[in-house]
Amino acid sequence: MTKNETPSARRPDAMCCGHVVFVGSGPGDPDLLTVKALKAIQSGDVIIHDRLVPASIVALASDDATILDVGKEGFGPSTPQTTIDALIVEHSLRGARVIRLKGGDATVFGRLDEEIDALEAVGITYEIVPGITAASAALASIGQSFTKRGRNRAARILTGHAMEGFADQDWRSLAQPDEVAAIYMGKKAARFIQGRLMMHGANGDTAVTVVANAARPNQRIVGTTLSLLVQTLSEENLDGPVLLLLGLAPRDAQTTTLLQQEFA
């Protein structure tokens, strides 16, 4: 590693012409892009983006850039990860500056390691531009902090499902009073999560806030409880990415909010 090199900008011995920048595009609001992320998007020859990156952010790319949509959907149609890896490598080896554009932050449930492994295998250089993850946006939208003195000394970021199906967790620990967790991809796993937590002693009155489309014009915030979680999700019919905030209620007394603002 050279003097000015950061841990996120690896320089393998075998150098090639292209370069890859992994960019976290944030939760969806273009105003929440970092300045560095914006500059990276505008500099890309090839933009390879996920399904959750909105068109308004993809549109920030140069008019000359090649745009490739490699969307994935939990339990739905998806571009195979091996195909995504191959596309990144292929365009990089042709000498392109490739922007791998991911929703939220690339280091949080973003399959980042698999794509880095593919690059390192052929000696392609890369760097990582962090972004605001959906949990941060969801917490800000309900006026709550992830940790609070006298309430919880730790907070967890979990996924609702893994490669093999619904994701198992340390349910006994999560079921304890005052535990707080942000659960990504938890909508379809809600009944499983609810059952496991209550089986391990969680109080049915434990607050759960459901945030759909965090930091987007169609954001919705629904306050509920663990015992009513599945029923609430069924009744509200929420579309788009949904994040569950276990142990937190919206600070606003209004429990269901539909934001109709437009991005500037």
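His 19 is buried, with a relative accessible area of 12%; buried means under 20% relative accessible area, exposed over 50%, and partly exposed in between (1.4 Å probe, protein chains only). You'll find His 19 in strand β1. Its side chain and that of Thr 125 are joined by a polar contact of 2.5 Å. A polar contact is a pair of N or O atoms within 3.5 Å; within protein, one must be able to donate a hydrogen and the other to accept it, and residues adjacent in sequence count only if both atoms are side-chain atoms.

A word on the model: it is predicted, so local features need pLDDT of at least 70 and side-chain atom pairs count only at pLDDT 80 or more, while totals for chains, interfaces and linings use all residues. Residues are numbered from 1 along each chain as its sequence is written, and side-chain values use heavy atoms, with hydrogens and water left out.

## The chain as a whole

The chain has eight helices and 13 strands. These are DSSP runs numbered from the N terminus: helices are H or I with at least four residues, strands E with at least two. Of the 264 residues in the chain, 48% are buried.

## Aromatic pairs

How many aromatic pairs does the structure hold? There are four. Rings of Phe, Tyr and Trp (its six-membered ring) pair if their centres lie within 6.5 Å; planes under 30 degrees apart count as stacked, over 60 as edge-to-face and the rest as tilted. Take Phe 22 and Tyr 126: their ring centres are 6.1 Å apart and their planes sit at 75 degrees, so this pair is edge-to-face. Phe 22 belongs to strand β1 (residues 19-24) and Tyr 126 to strand β5 (residues 125-129), so the pair ties together parts that are 104 residues apart in sequence.

Phe 22 is buried at 0% relative accessibility, and Tyr 126 is buried too, at 3%. Elsewhere, ring pairs link Phe 166, Trp 171 and Phe 192 into a cluster.

## Glu 115, tucked away

Is Glu 115 buried or exposed? Glu 115 is buried, with a relative accessible area of 1%, and lies in helix α4 (residues 112-122). Its side chain makes a polar contact of 2.9 Å with the side chain of Gln 81. Leaving aside neighbours within four places in sequence, Glu 115 is in contact (heavy atoms within 4.5 Å) with residues including Phe 22, Ile 84 and Arg 100.

Helix α8 (residues 229-236) has Leu 229, Val 230, Thr 232 and Leu 233 buried. They cover an arc of only 165 degrees around the axis, which puts them on the same side of α8; the arc is that of the directions from the helix axis to the C-beta atoms. The face turned away from that buried side carries the exposed residues Ser 234 and Glu 235.

Among what covers the buried residues of α8 are α7 (190-199) and β10 (207-212).

## The nonpolar cores

A nonpolar core is a set of buried Ala, Val, Leu, Ile, Met, Phe, Trp, Tyr and Cys residues joined through side-chain atoms within 4.5 Å. The largest one has 24 residues, and Ile 193, Leu 197, Val 210, Leu 229, Leu 238 and Leu 244 touch the most other members. Its largest share, four residues, comes from α7. Apart from this core lies another, of 19 residues, among them Ala 96 and Leu 112.
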